[in-house]
Amino acid sequence: MSETTGASYAAAGVDIEAGDRAVELMKEWVKKTQRPEVAGLGGLGGFAGLFDASALKRYERPLLASATDGVGTKVDLARKMGVYDTIGHDLVGMVVDDLVVCGAEPLFMTDYICVGKVHPERVAAIVKGIAEGCVLAGCALVGGETAEHPGLLGPDDFDVAGAGTGVVEADRLLGPDRIRKGDAVIAMASSGLHSNGYSLVRHVFFDRAGWSLDRQVEEFGRTLGEELLEPTRIYSLDCLALTRTTEVHGFSHVTGGGLANNLARVIPDELHATVDRSTWTPGAVFDLVGKAGQVEQLELEKTLNMGVGMIAIVPAESVDAALTTLADRGIDSWVAGEITERGAHTSGAELVGGYAR
């Protein structure tokens, strides 16, 4: 009679001890994100992250804002390059900069990391990047989840997602109702592709052009992989600084869908935003995506940020103060357009003219 071994979680491909090791490795990075509202409240490893809501008593009417996002197929490039400590910056940027569009200060985030197999050091490196992003955004990382999915994902496959919560005083809530005719559209430079359009970018460079990640690209001054993994710029503290130093009527986070479509989301029905392409030169990566893939300009513009990661809409008299504040914070910014009345044949926002060369 043959002896059989019973099934176990480990035999099914889930390594609990590796998961525990990953938690230990990430603790030091999560601790760096602590705000006063979370200090001493449980810490990493509990079933729920805690935030002391008594801090909201200083608000007359606090409105909580919530956002969730991922980083799309950019994770595939991180996996192929074996670079795991920058993708978290992308995740934080995609979440907190959605929150700040309504004027909300990001308070805390949670993350979700799904892997085919837990490699503790790799998971810790991902969380390190998330924690560093949270520090740049001024928010706490209060918890998260690492899920191991053997059989659904390959041993080296992973994905990340996150959710964030912020707060804004009700009478300081930003939105379409604040935007006025004559307002200026201020563009803030992106750090590159950020985390959108990578399905197109990967198709162009790898499938059509046949380039490799380690290809040296003269226009980038580095390899293709290094350019494509450039972390998303995080604007939340810069935007909040603007709201403290000058009057701001609105923000628009330029993500999937491109500049015009995202800007149109914050423009009231009776108004129109015109953005002049001649006010900036998109980075080399945008030009190369177009040339290598024979991608038409309008297709690029509805997919990629074209060098603008965030928009601020301010009264004309606030332009100088806004540009000074952003320059002092190291953000390249410029007046890119204006708000006018909407005509019979105009949409919420459009790009006009040709890019500066």
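Reader: Hi! What share of the contacts with a separation of 6 or more comes from residues 24 or more positions apart?
Author: Residues 24 or more positions apart account for 85% of those contacts in the chain. Keep in mind that this is a predicted model.

Reader: Thanks! How many helices and strands does the chain have?
Author: The secondary structure comes to 11 helices and 12 strands.

Reader: And how much of the chain counts as buried?
Author: The chain has 357 residues, and 51% of them count as buried.

Reader: Let's look at helix 5. Where do I find helix 5 and helix 9, and how do their axes cross?
Author: Helix 5 covers residues 198-208 and helix 9 covers residues 284-293. Their axes come within 9 Å and cross at roughly 50°. Helix 5 is therefore oblique to helix 9.

Reader: Is that crossing left-handed or right-handed?
Author: Helix 5 passes helix 9 in a left-handed crossing.

Reader: Which residues make the contact?
Author: From helix 5, the contact is made by V201, V204, F205 and R208. Helix 9 brings L288, V289, A292 and G293.

Reader: What classes do they fall into?
Author: The contact of helix 5 with helix 9 has six nonpolar residues, one polar and one charged.

Reader: Staying with helix 5, which of its residues are buried?
Author: Y198, L200, V201, V204 and F205 of helix 5 are buried.

Reader: Why do they count as being on the same side of helix 5?
Author: Because they cover an arc of only 165° around the axis, they sit on the same side of helix 5. As a general point, an α-helix has 3.6 residues a turn, so residues three or four places apart point the same way.

Reader: Nice, and what covers the buried residues of helix 5?
Author: The cover includes helix 2 (74-81), helix 6 (224-228) and helix 9.

Reader: What comes just after helix 5?
Author: G210 is found there, and it takes a positive phi of about 70°.

Reader: Which phi does H194 have?
Author: H194 has a positive phi of about 60°, although it is not a glycine. In general, most residues other than glycine have a negative phi.

Reader: Where is H194, then? Buried or exposed?
Author: H194 is in the loop between strand 5 (184-189) and helix 5. H194 is buried, with a relative accessible area of 1%.

Reader: What about M306 and its phi?
Author: M306 also takes a positive phi of about 60° without being a glycine. Its place is in the loop between helix 10 (297-301) and strand 10 (308-314). M306 is buried, at a relative accessible area of 5%.

Reader: New topic: where does L153 lie?
Author: L153 lies in the loop between strand 3 (140-148) and strand 4 (158-169). With a relative accessible area of 27%, L153 is partly exposed.

Reader: What does L153 touch, leaving aside residues up to four places away in sequence?
Author: L153 touches C114, V115 and G116. L153 and C114 are 39 residues apart along the chain, and their C-alpha atoms are separated by 8.7 Å.

Reader: Last one: where is T255, and why does it count as buried?
Author: T255 is in the loop between strand 8 (250-253) and helix 8 (258-264). T255 counts as buried because its relative accessibility is 12%, and buried means under 20%.

Reader: And which residues does T255 touch?
Author: Not counting residues up to four places away in sequence, T255 touches M94, N196 and N262.

Methods:
Residues numbered from 1 in each chain as written. Predicted model: local features only at pLDDT ≥ 70, side-chain atom pairs only at ≥ 80, totals over all residues. Heavy atoms only, no water. Axes fitted to C-alpha atoms, helices over the stretch in contact; angles between N-to-C directions. Helix = DSSP H or I, 4+ residues; strand = E, 2+ residues; numbered from the N terminus. Parallel < 35°, antiparallel > 145°, perpendicular 65-115°, else oblique. Left-handed = near helix turned anticlockwise from the far one by under 90°. Contact = heavy atoms within 4.5 Å. Nonpolar A, V, L, I, M, F, W, Y, C, P; charged D, E, K, R; others polar. Buried < 20%, exposed > 50% of the residue type's maximum accessible area, 1.4 Å probe, protein only. Arc of directions from axis to C-beta.
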